[in-house]
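Dear colleague,

I am passing on the structure below, with the notes I made while reading it. Please look through the model first and then compare it with what follows.

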There are 2 protein chains.
Amino acid sequence: MRVTIHDIARECGVNVSTVSRSLSGSYGVNDETRQKVLAAAKRLNYVPNRVARGLATGRSQSLALLISDVRNPFFAEVARGAEDAAFAADYDLILGNADLDRERQMRYFRSLVAKQVDGLIVNSVSGLSEEEVEELRAYRVPLVLLNRSEGVQSISSVSADNFQGGFLAGQHLIELGHRNIAHLTGPRQHGNLTERAKGFLKAVHQAGNSVHAVVIHGDQNQQGGYTMARKMLLSQPGVTAVFTANDAMAFGVIRALIENGKKIPDDLSLVGFDNVELASILQPPLTTVHQPKYEMGEAAVQILLRQIARPDSGPEHRLLGVQLVERESCRKA
Amino acid sequence: MRVTIHDIARECGVNVSTVSRSLSGSYGVNDETRQKVLAAAKRLNYVPNRVARGLATGRSQSLALLISDVRNPFFAEVARGAEDAAFAADYDLILGNADLDRERQMRYFRSLVAKQVDGLIVNSVSGLSEEEVEELRAYRVPLVLLNRSEGVQSISSVSADNFQGGFLAGQHLIELGHRNIAHLTGPRQHGNLTERAKGFLKAVHQAGNSVHAVVIHGDQNQQGGYTMARKMLLSQPGVTAVFTANDAMAFGVIRALIENGKKIPDDLSLVGFDNVELASILQPPLTTVHQPKYEMGEAAVQILLRQIARPDSGPEHRLLGVQLVERESCRKA
DNA sequence: GCGGTTGTTGCAAACGGTTGCAAGATAAGG
DNA sequence: CCTTATCTTGCAACCGTTTGCAACAACCGC
């Protein structure tokens, strides 16, 4: 059995409550006694039992991050940001990969609540039914969503400025002189991606009638980008520039172009979104919209910590800035 | 306050112990009573408090994964494998990024032990002092190392067959007819990478005197690969093939070659190690040695679960197979 | 010298479960 | 009908902390 405060108390000839107070540093214990206790704790190699502490205080000192998949570099970066912020505040982070499986997500929620996590960061909640969101809310655990969900004002969120990102991408291509631009994006109704498309279209409309834009929907991954690009090459031969709603799709576009013997940026300019590490390594390096992924993880934890400290404080929505990273996948039209 | 078993007991007019037994499914309770309890639990929306349970049973029902950095796709993949296996067994996974910082690693250990994690998967322990390893051992928490540490027989481990991987890479290049091969690797004394180098050299020696090999040490990342490649192009102009000890270094090599106007595989054949996702996306797709990353995570959790179930069972060392994935970065010499 | 502070410590009740043991009820066997 | 075995349930201790309250001593000012 491990050493407990009872052992220390016996060793020092004091009551456990004195030991507890000495260790947790709250005032009200004589300095001499405290030193004695501290020395004994060290000598006996005492490790406090956080579970017991958690039971007594109602705090588990852990947060959870529930995302689709850490293998997605975007989430890995978020996870690292969250983990660093949590570690700094002496919390630890439980990781859950829920894919986009509703059932799995709910199973996780229940398990995490049962474990008394002090706060929860969730990728997205958009797939959940009204009832499920209600159940979630009933748990009364501080919650922050990564990427704001439409219409869920009451839950804190951290998002990148997707609209602005889409706008920047569109503006950039237009400034380079492109007049026939395609936007490759995911399925309709996907909050984030929809925002990006809206921003993009704003830039297009601002440019007036001279610019022609087409939006193509498909799967929001490399394969989807590949498929859409192939289709586009056939149906839209006049396109000179492509903006994809994420980098993965851009990689698919690159593959399709290589297969068709076309070169970037000579035959087609390309702008991605996310700025995953790969984007800078690829040849040519991809121009893309940088999302502050690490910072999003950090911010989410900060909000959580604040909500834990002041449970009655309202929800907070943080919109983090994005920026266009110009590399070599675009050229003047 | 949340619903507890006491509430359910009151509701059903039975003792808490009966409720506990009904819920945890251990036999010894009348079926009718159990149904009544289950119904009440559901009706009241009861969520068991795992912290309390943990205190009583000494089990926290959570495992921890302590790695350098999730942003490294290798670890992200391992993490996902571990998480899936843990989830399936109704455990959850605490994630820790310790970089290679000893202090941070030790802080994590203590915190995790304090939290009564039931098992711990650790990236590497090689940087720790004797004393620290001893402290770790004293905690008596089931432990498995990702990548076996030299001379630490007493702690379970899961590793890829690095030696065999190095051998396969060397053999492949030799079979293609290369006679002047460079191996770019990390600092000396790095367990894994050393094994890879050894395997590579075995292939070289097996081929007899006709094959000339040079081993270059540097940083085990993209930048290191870049630097070493530049140096090599100057000092070893006769080299026709390169084997890097990981994919990241290979990406650095590619960058250096592009800068020098050289083409892969025409001017130089290249083999990496790891098979990160990026390797297949790059142009040209990289020939590399596949490490079963996901499976390593899974295996680590399985070992942990076994050790938790039978604490007196000895350590287990699992060596997972690797395979050469031939893509388009090599050609006949 | 006395009442009132202030500071230090101990006592004991939580926190929400689990579990060994005993008691009572019921059924089976002789 | 009594004994014994089997089921079902309750009681209470325990897991390792925290924390409100009371007790006590020392010190203060008057």
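**Strands within chain A**

In this predicted model, strand β10 of chain A is joined by 3 bridges to strand β12 (residues 323-325) of chain A, and the two run antiparallel; two strands are taken to pair if DSSP finds at least two bridges between them. Helices (H or I, at least four residues) and strands (E, at least two) are DSSP runs, numbered from the N terminus.

Residues are numbered from 1 along each chain as its sequence is written, while chains are lettered from A and ligands numbered from 1 in the order in which they are written. Since this is a predicted model, local features need pLDDT of at least 70 and side-chain atom pairs count only at pLDDT 80 or more, whereas totals for chains, interfaces and linings use all residues, and side-chain values use heavy atoms, with hydrogens and water left out.

**Where the two chains meet**

Counting contact as heavy atoms within 4.5 Å, 50 residues of chain B are in contact with 50 residues of chain A. The area buried between the chains (accessible area, 1.4 Å probe, lost on putting the two parts together and summed over both) is about 4800 Å², of which carbon and sulfur atoms give 57%.

Across this interface the rule finds 12 salt bridges, each being a side-chain nitrogen of Lys or Arg within 4 Å of a carboxyl oxygen of Asp or Glu. In one of them the side chains of D99(A) and R80(B) meet, with 2.9 Å from N to O.

On the side of chain B that touches chain A, the elements that give two or more residues are α4 (50-57), α5 (73-88), β2 (92-97), α6 (102-114), α11 (247-259) and α12 (277-281) of chain B. The largest share, 8 residues, comes from α6(B).

Strand β2 (residues 92-97) of chain A runs antiparallel to β2(B), the two being joined by 3 bridges, and L95(A) has L93(B) as its bridge partner in β2(B).

**Aromatic and charged pairs**

Over all chains the count comes to 8 aromatic pairs, where rings of Phe, Tyr and Trp (its six-membered ring) pair if their centres lie within 6.5 Å, and planes under 30 degrees apart count as stacked, over 60 as edge-to-face and the rest as tilted. The rings of F87(A) and Y108(B) have centres 4.5 Å apart and planes at 25°, so this pair is stacked. Because F87(A) lies in helix α5 (residues 73-88) of chain A and Y108(B) in helix α6 of chain B, the pair joins two chains.

**Backbone points to check**

Most residues other than glycine have a negative phi, and most peptide bonds are trans. In chain A, however, the peptide bond from I264(A) to P265(A) is cis, with omega near 5°, and P265(A) sits in the loop between α11 (247-259) and β9 of chain A. In chain B, the bond from I264(B) to P265(B) is cis as well, with omega near 5°, and P265(B) is found in the loop between α11 and β9 (269-274) of chain B. Finally, Q116(A), a residue other than glycine, has a positive phi near 65° and lies in the loop between α6 (102-114) and β3 (119-122) of chain A.

With kind regards
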